[in-house]
Amino acid sequence: MKVSSAGKSHIGKVREQNQDTIFTNDDGIGVLLNLYVVADGLGGHQSGEVASRRATEAFCAFFVMLEDGHSTEDSEQELLAAALAYANQKVFDDATNVVENKGMGTTFSAVTIKNGILHYAHVGDSRIYISKNDGELIQVTTDHLSVTAELLEEGFITQDEAKKYPETVLSRAIGTDFEVKIDMGETSLDGAKYAILCSDGLHNMITDDEIANIVASESNLETMTGKLTAAANNAGGKDNISVIVIGWGEL
């Protein structure tokens, strides 16, 4: 199954810096056939950008280290989670030892695809979606936020209602603690057309229906990421906007 992708990261209309980091690799890295990452940095000054960039660098380096003759029986999602735990340690150490980086952290959503299965590891409120052939958009990950996310997960409020709640804080992030609980899993791509990773600068500015409509209206991945970014900016662009769209042929 050959995959292709397009990614775009934009500063938005309000922020002075882009603290997001994205990574796309369609051709394989280390023991993985492909790899995609969206990380949304947290912290004052440039620390957010430092956290997202260093977490992504450490995460990718983990797979290169595994490449040199090391065999593993771990599943793809277990490898992603192990790499993310490694990245968490690197960012936490930096945040602990460098005064200006104290308190920094980052969300992190990562995907690899193999044999028609999407494998993922996830921390924070960036998101992974699957776009079905019929246009339905399915959120694969859970937002790690405070009370609002819990109400949403339990079905007490809707996605649109959650957007009207007061600003919430992340309940988990990479680099803010010595250890972090990582969500990992897999989902079949049978009947699906695209996978989408994005920071909250996209999904907080436009609805899932708006995302689905843009994705359904385009077949070119570069154009799709551009239109998604433009829609978030047209809705206010209150945060950095990052999005990766992954497509494939027949499964």
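The points below concern a predicted model and cover helices, aromatic pairs, salt bridges and individual residues. The search of the whole structure finds 10 salt bridges, and the count of aromatic pairs comes to five.

**Helix H2**

- Helix H2 takes in residues 76–97, which is 22 residues. From its first C-alpha to its last the helix reaches 32 Å, close to the 32 Å expected at 1.5 Å a residue.
- The buried residues of H2 include the leucines Leu79, Leu80 and Leu84 and the alanines Ala81, Ala83, Ala87 and Ala95. Glu76, Gln77, Asn88 and Asp94 also belong to the buried residues of this helix, as does Val91.

**Packing of helices H6 and H7**

- The axes of H6 and H7 come within 9 Å of each other and cross at roughly 150 degrees. That angle is over the 145 degrees required, so H6 is roughly antiparallel to H7.
- The crossing in which H6 passes H7 is right-handed.

**Aromatic pairs**

- Five aromatic pairs are counted in the model. In one of them, Phe59 and Phe108, the ring centres are 4.8 Å apart and the planes stand at 55 degrees, so the pair is tilted.
- Phe59 belongs to helix H1 (residues 47–67) and Phe108 to strand S5 (residues 108–114), so this pair ties together parts that are 49 residues apart in sequence. Both Phe59 and Phe108 are buried.
- Phe92 and Phe178 form an edge-to-face aromatic pair, with 6.0 Å from centre to centre and 80 degrees between the planes. The pair links distant parts of the chain, 86 residues apart: Phe92 is in helix H2, and Phe178 is in the loop between helix H4 (159–163) and strand S9 (183–188).
- Ring pairs also link Phe59, Phe62, Phe63, Tyr86 and Phe108 into a cluster.

**Salt bridges**

- Of the 10 salt bridges found, one joins the side chains of Arg15 and Asp239, at 3.2 Å from N to O. Arg15 lies in the loop between strand S1 (3–10) and strand S2 (20–25), and Asp239 in the loop between helix H7 (221–234) and strand S11 (241–248), so the pair ties together parts that are 224 residues apart in sequence.
- Arg53 forms a salt bridge with Glu49, and their closest N and O atoms are 2.9 Å apart. Because Arg53 and Glu49 are four residues apart in helix H1, about one helical turn separates them.
- Arg53 counts as partly exposed at 29% relative accessibility, and Glu49 is partly exposed with a relative accessible area of 24%.
- Asp208 forms a salt bridge with Arg127, the closest N and O atoms being 3.7 Å apart. This pair links distant parts of the chain, with Asp208 in helix H6 (residues 208–217) and Arg127 in strand S7 (residues 127–132), 81 residues apart. Asp208 and Arg127 are both buried.
- Salt bridges that share partners join Glu49, Arg53 and Glu57 into one network.

**Individual residues and contacts along the chain**

- Thr176 is located in the loop between H4 and S9, and its relative accessibility of 33% makes it partly exposed. Its C-alpha atom is separated by 9.5 Å from that of Gln89, although Thr176 and Gln89 are 87 residues apart along the chain.
- Leu197 has its place in strand S10 (residues 192–198) and counts as buried, at 0% relative accessibility. The C-alpha atoms of Leu197 and Ile128 are separated by 4.5 Å, while the two residues are 69 residues apart along the chain.
- Most residues other than glycine have a negative phi. Asn115 is not a glycine, yet has a positive phi of about 55 degrees.
- Asn115 is placed in the loop between S5 and strand S6 (117–123), and this residue is exposed, with a relative accessible area of 67%.

Note on methods. Residues are numbered from 1 along each chain as its sequence is written. This is a predicted model: local features need pLDDT of at least 70, side-chain atom pairs count only at pLDDT 80 or more; totals for chains, interfaces and linings use all residues. Side-chain values use heavy atoms; hydrogens and water are left out. Helices (H or I, at least four residues) and strands (E, at least two) are DSSP runs, numbered from the N terminus. The expected span of a helix is 1.5 Å times one less than its number of residues. Buried means under 20% relative accessible area, exposed over 50%, partly exposed in between (1.4 Å probe, protein chains only). Rings of Phe, Tyr and Trp (its six-membered ring) pair if their centres lie within 6.5 Å; planes under 30 degrees apart count as stacked, over 60 as edge-to-face and the rest as tilted. A salt bridge is a side-chain nitrogen of Lys or Arg within 4 Å of a carboxyl oxygen of Asp or Glu. Axes are lines fitted to C-alpha atoms, for helices over the stretch in contact, and angles run from 0 to 180 degrees between N-to-C directions. Angles under 35 degrees count as roughly parallel, over 145 as roughly antiparallel, 65 to 115 as roughly perpendicular and the rest as oblique. A crossing is left-handed if the near helix is turned anticlockwise from the far one by less than a right angle, and right-handed if clockwise.
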